[in-house]
Each structure stands twice: as C-alpha cells, then as structure tokens.
Amino acid sequence: MPFPDFEPTFPALIRRAADRFGDHPFVVAEGERLSYRDAEQRSAAVALGLLAEGVGKGSRVGVLIPNSVDFAVVALAV
C-alpha cells in the first residue's frame, strides 16, 4: 500500500475529504445534515477557539454532548 500523497495529519485528512466530497453528507443525525465541507469549516472554527483558550497538544478535553452533528464537529476539532 503506497503512502498517501498528503501530510498524514487529521486536519489534512479532513481538508482533503472536504475538497474531494464537498457538499456530500458526512453526518446525518436527528434530521440534521453536515456536509464534508461544513464539517471541515465548523471544526476548524472550534479548533481555533480551543487554541485561543490554551488547549493544544497534550491537553485533555472532555466532551459531553449527545450523539449529534455538534458532537461530530467538536470531535473533529479536538
């Protein structure tokens, strides 16, 4: 199996998926849909907010959200 042609980080994987699948559904929960593009944009915004609060590599983050589109966004951001 060849090594991927992109930087093997989670943010790079999400960006690549957003570029490749765009508006296709990434998560559907409770009647709400989240596209790959929206997942990338929303999780990046949450990640920037976490960084601004001092959360970074090695930090522990607890997430208490029911299964939902919001959970997926926060999980990707963390």
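Predicted model: local features only at pLDDT ≥ 70, side-chain atom pairs only at ≥ 80, totals over all residues.
Local features are shown where pLDDT is at least 70, side-chain atom pairs count only at pLDDT 80 or more, and totals for chains, interfaces and linings use all residues. Residues are numbered from 1 along each chain as its sequence is written, and side-chain values use heavy atoms, with hydrogens and water left out.

**View 1. Helix α2 and the glycine that follows.** Helix α2 covers residues 36–52, 17 residues in total, and spans 24 Å from first C-alpha to last, close to the expected 24 Å (1.5 Å times one less than the number of residues). Helices here are DSSP runs of H or I with at least four residues, and strands are E runs of at least two, numbered from the N terminus. Just after α2, look for Gly54, with a positive phi of about 95°.

View 2. Ser43 sits in helix α2 and is buried, at 4% relative accessible area (buried is under 20%, exposed over 50%, partly exposed in between, with a 1.4 Å probe and protein chains only). Beyond neighbours within four places in sequence, Ser43 is in contact with Asp38, Val73, Leu76 and Ala77 (heavy atoms within 4.5 Å).

**View 3. The Asp23–Arg37 salt bridge.** These side chains meet at 2.8 Å, N to O (a salt bridge puts a Lys or Arg side-chain nitrogen within 4 Å of an Asp or Glu carboxyl oxygen). Asp23 lies in the loop between α1 and β1, and Arg37 in helix α2, 14 residues apart. Asp23 is exposed, at 59%.

**View 4. The Arg42–Asp70 salt bridge.** Here the N to O distance is 2.9 Å. Arg42 is in helix α2 and Asp70 in helix α3, so the pair ties together parts 28 residues apart in sequence.
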